[in-house]
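Work through the exercises below with the structure open. Try each task before reading its solution.

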Amino acid sequence: MSRLRETGLDLLKIYSSSLLPFPRTAPWLPRGLCTATPTPDGDHLHGKQKTSAGSENVSLLENLSLLGVDLKKARQRQPGVLRKLLTNEQGVAGFLQAKGASRQVIAGIISRYPRAITRSLDHLEQRWALWRRVFASDSEVVDILHRSPESFFRSSDNENLEKNIVFLSSLGFDAKALHRLLTTAPRTFSNSAELNRQMVELLEDVGSELGLTRRSEPTPEGFAKAVIGRNVYVLIRSTRRVRRNVEALRASLRLDDAELLALLQGPGAEILDLSNEYLGKNFRSLREKMASLGCGRADVKRLVVAYPMVLYISSENLSGKLDALLRGGVSIQQVVDKPKVLDYSTQNIAGRIEELQRVGYEFQRHGIAILDTSRKRFDAKMLKLCAALPPSTPPPQEGGG
DNA sequence: ACAACCGGGCTCTGCCATTTTC
DNA sequence: GAAAATGGCAGAGCCCGGTTGT
């Protein structure tokens, strides 16, 4: 069953709870890159008195400097670590180096999450092995650590980590989905398994409240999985936030159960992790903007249901996009009918409108679908439009001149 | 041939506050 | 009473193209 051998756990406990030295050395490091083993009575460490009340471990600071650690940053982040007498910077650095991390990456990791140097080698090896159950190579794990040292090091509970892997697998995520989940939101790993379970439970409850049952399609479990699959950030948000967003969407759009269900397990999942305030603010400003353009509640609902990501876009950005479209001769009703144009950047939209205007494209006659295509498809279309121009018309110039 | 539909890829940490542990 | 562990927060899009439908 458990891949964590008891002997390993016992050793971990011994190292973390006693003052035994960490056994391994990393030959490539300068000598003395581990704070000295304390003598049984703890006296005269590094020629100075026992650190008490706020004084830092000078030799530890020296070691960290040699590793290239940004002491200022480390001190600001976790000052207590710099006062510790027994640390394992040598072991940790050697371990990471053996996994393929460069000196700069290692320094960055320790600078941003100093507590990393309190982990024992046995602990690290266990934890690494658990991560490797999801990630195919050491370098993938190193990449994540480089990105987010905290995700790997914040918790020292390997048993909990294993529970998480088992739990997430049990939800029915295949290897690829699990990989995506943890690449994108590695903090999920260091959540307590209980916290992750609570979020899944919340989503299942929402599904049940919206009419799903054990025999429905999907089941509440399937619903929870769908939501998480569509928005992997959900698991690193609070249940309170997600619950409030669900309620806010239901209330502000006046959705019935079936509509809300479809929205949440579909594209609406993507906005569930927004902060409650941001979601509310964006909804209000969208409603106002739409109202100023003569659109009512029904139009807003249609737009949001078809394209919930509209609430993800900041109000300023969205305003700019809509203005660019309207200036170019697109009607707001066309945007409501084909909201995915809003997926593209303002710059992209404005640029395409300009190109189209040069060939006399009329949005009112031909629609705006052309704005919602990849660059390749758009260019192909442009070529045809140019070819169809009357010979007297000068060809459109490149580069917006 | 073209439009419409739809999902996928990229990617999200670094800090603060509170609770727990030692 | 400290450090460690843990929960929570703010921040804020864009683009591509395979497949299916007509």
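**Exercise 1. The chain as a whole**

Task: Find what share of the contacts in chain A with a separation of 6 or more comes from residues 24 or more positions apart. Then give the secondary structure and the buried share of chain A.

Solution. 
- Step 1. Take the contacts in chain A with a separation of 6 or more: 76% of them join residues 24 or more positions apart. The model is predicted.
- Step 2. Count the elements. Chain A has 22 helices and 0 strands.
- Step 3. Turn to burial. Of the 401 residues in chain A, 31% are buried.

**Exercise 2. Helix 6 and helix 9**

Task: How are helix 6 and helix 9 oriented to each other, roughly parallel or roughly antiparallel? Which residues make the contact?

Solution. 
- Step 1. Locate the pair. Helix 6 covers residues 121–131, and helix 9 covers residues 158–170.
- Step 2. Read the geometry. The axes lie 10 Å apart, and the packing angle is about 5 degrees.
- Step 3. Apply the cut-off. Angles under 35 degrees count as roughly parallel, so helix 6 and helix 9 are roughly parallel to each other.
- Step 4. List the contact. Helix 6 supplies His123, Gln126, Arg127 and Leu130, while helix 9 supplies Asn158, Leu161, Glu162 and Ile165.
- Step 5. Sort by class. The contact of helix 6 with helix 9 holds 3 nonpolar, 3 polar and 2 charged residues.

**Exercise 3. Helix 16 and helix 18**

Task: Describe how helix 16 and helix 18 cross. Is the crossing right-handed or left-handed?

Solution. 
- Step 1. Locate the pair. Helix 16 spans residues 276–292, and helix 18 spans residues 315–327.
- Step 2. Read the geometry. Their axes come within 10 Å and cross at roughly 25 degrees.
- Step 3. Classify the angle. It makes helix 16 roughly parallel to helix 18.
- Step 4. Check the hand. The crossing of helix 16 and helix 18 is right-handed.
- Step 5. List the contact. From helix 16, Lys281, Asn282, Ser285, Leu286 and Lys289 meet Ser315, Leu318, Ser319 and Leu322 of helix 18.
- Step 6. Sort by class. This contact of helix 16 with helix 18 has 3 nonpolar, 4 polar and 2 charged residues.

Terms used:
Residues numbered from 1 in each chain as written. Chains lettered and ligands numbered in written order. Predicted model: local features only at pLDDT ≥ 70, side-chain atom pairs only at ≥ 80, totals over all residues. Axes fitted to C-alpha atoms, helices over the stretch in contact; angles between N-to-C directions. Helix = DSSP H or I, 4+ residues; strand = E, 2+ residues; numbered from the N terminus. Parallel < 35°, antiparallel > 145°, perpendicular 65-115°, else oblique. Left-handed = near helix turned anticlockwise from the far one by under 90°. Contact = placed C-beta atoms within 7 Å. Nonpolar A, V, L, I, M, F, W, Y, C, P; charged D, E, K, R; others polar. Buried ≥ 20, exposed ≤ 12 C-beta atoms within 10 Å, placed from the backbone.
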